[in-house]
Amino acid sequence: MTIITDKLGRPLQDLRISVTDRCNFRCTYCMPREIFGKDYAFMPREQLLSFEEIERLARIFVELGVKKIRLTGGEPLLRRNLPDLIEKLVAIEGLEDIGLTTNGALLGKYAERLKAAGLERVNVSLDALDDTLFQSINDSGVSSEKVLRGIKKAQEVGLEVKVNMVVKKGMNDQQVVPMAAYFKEQGIALRYIEFMDVGQSNGWDFTQVVTKQEIFQLLSEQFELEPVDPAYVGEVAKRYRYKGTDTEVGFITSVSESFCSTCTRARIAADGRFYTCLFATNGFDLKQLIRSGVDDDALRAAIVPTWQQRKDRYSDERTEETVKNRKKIEMSYIGG
Ligand code: SAM
Ligand code: SF4
Ligand code: SF4
């Protein structure tokens, strides 16, 4: 297996694939309805990479060192026959791990099929337990109860579940402790994600971020936490466990303690563009190349130098200036 590294010595090890730019939620911080409304032009189906195209690219990325693939979106469970894609990916030799990030609304319906296809783990995003608040965030009439039922179903069929909560000041910070208490009781790992300035639609500024330190402080008033060593170099979440239990709580500190120096992640957006950073402005059009009928060598010859030239460290360098002026890709499209 080849190992390719970028300009900062970071190997290519993880790949996130956005399988659709569509979503059944309109989270106010991600796809606000004013922008992603009835008239919004989502990608036509034929412009999405097909499962065969995704599989072929995934194989090449794995040959180049990728060990983990995460499927995301938009809402990946809206992509028709997603379990068929999982089946194809599971068969790739050398791939160690496949994950899926979902809002959980359709998890109850699909959990069994996902597990049967070979998926082992899901990350479910849930920003509040309080139903009124949750529905005001997702702006699409889905109850927190429905997501919780999806989580239960996933556990019943044997999927490992982690829950992700984006914390935004004034939006859901009052849910930090209730979420911890609930998922501690359930024995499910919860990870708090600092609100980031992804895309152009979410009106982000520094004052809306609730930092790891602030969340930790809130948790410490209720629970005794002890640090857990990282499982591998470059692990993104800072992990803790509730003392006396195996249940973990983690923090994705993209803003307050950036982790660009160990970022080994590539992304393929819904339209088949290859991005080397969540905050990238340009991506290499792998779909156009693949559809021009080239062989695998030509695809490799595009992917390798793109990674080797990578210098991205946006979160390390984030300033008022970059937040305002950089033209970033929407989260629902590049894949969170
Ligand atoms: N729809 C799926 C879901 O919500 O899990 C997958 C895609 S979504 C873009 C992936 C993750 O990104 C979700 O956990 C979401 O909360 C998170 N996210 C979206 N916008 C964000 C932002 N501005 N800052 C931090 N996380 C964000
Ligand atoms: Fe959809 Fe996920 Fe974005 Fe919410 S965070 S709008 S569920 S893509
Ligand atoms: Fe990786 Fe870019 Fe995020 Fe830094 S800002 S951790 S380089 S995706």
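Reader: How do the axes of H1 and H2 lie, and at what angle do they cross?
Author: This is a predicted model. In it, the axes of H1 (residues 51–63) and H2 (residues 82–90) come within 10 Å and cross at roughly 25°. The angle is under 35 degrees, so H1 is roughly parallel to H2.

Reader: Left-handed or right-handed crossing?
Author: Right-handed, as H1 passes H2.

Reader: Which residues make the contact?
Author: From H1, Phe 51, Glu 52, Ile 54, Glu 55 and Ala 58. From H2, Leu 82, Asp 84, Leu 85, Lys 88 and Leu 89.

Reader: And by class?
Author: The contact of H1 with H2 has six nonpolar and four charged residues, with no polar ones.

Reader: Switching to ligand 2. What surrounds it?
Author: Cys 23, Phe 25, Cys 27, Cys 30, Met 31, Gly 74 and Asn 103 surround ligand 2.

Reader: How many of that shell are nonpolar, polar or charged?
Author: Five are nonpolar and two are polar. The shell around ligand 2 has no charged residues.

Reader: Back to helices. Where do H5 and H6 sit relative to each other?
Author: The axes of H5 (residues 144–156) and H6 (residues 176–186) come within 13 Å. They cross at roughly 25°, so H5 and H6 are roughly parallel to each other.

Reader: What hand is that crossing?
Author: H5 passes H6 in a right-handed crossing.

Reader: Who touches whom there?
Author: Leu 148, Ile 151 and Lys 152 of H5 make the contact with Tyr 182, Phe 183 and Gln 186 of H6.

Reader: What's the class count for that contact?
Author: Four nonpolar, one polar and one charged, for H5 with H6.

Key:
Residues are numbered from 1 along each chain as its sequence is written. Chains are lettered from A and ligands numbered from 1 in the order in which they are written. This is a predicted model: local features need pLDDT of at least 70, side-chain atom pairs count only at pLDDT 80 or more; totals for chains, interfaces and linings use all residues. Side-chain values use heavy atoms; hydrogens and water are left out. Axes are lines fitted to C-alpha atoms, for helices over the stretch in contact, and angles run from 0 to 180 degrees between N-to-C directions. Helices (H or I, at least four residues) and strands (E, at least two) are DSSP runs, numbered from the N terminus. Angles under 35 degrees count as roughly parallel, over 145 as roughly antiparallel, 65 to 115 as roughly perpendicular and the rest as oblique. A crossing is left-handed if the near helix is turned anticlockwise from the far one by less than a right angle, and right-handed if clockwise. Contact means heavy atoms within 4.5 Å. Ala, Val, Leu, Ile, Met, Phe, Trp, Tyr, Cys and Pro count as nonpolar, Asp, Glu, Lys and Arg as charged, and the others, Gly among them, as polar. A residue is near a molecule or strand if one of its heavy atoms lies within 4 Å of it.
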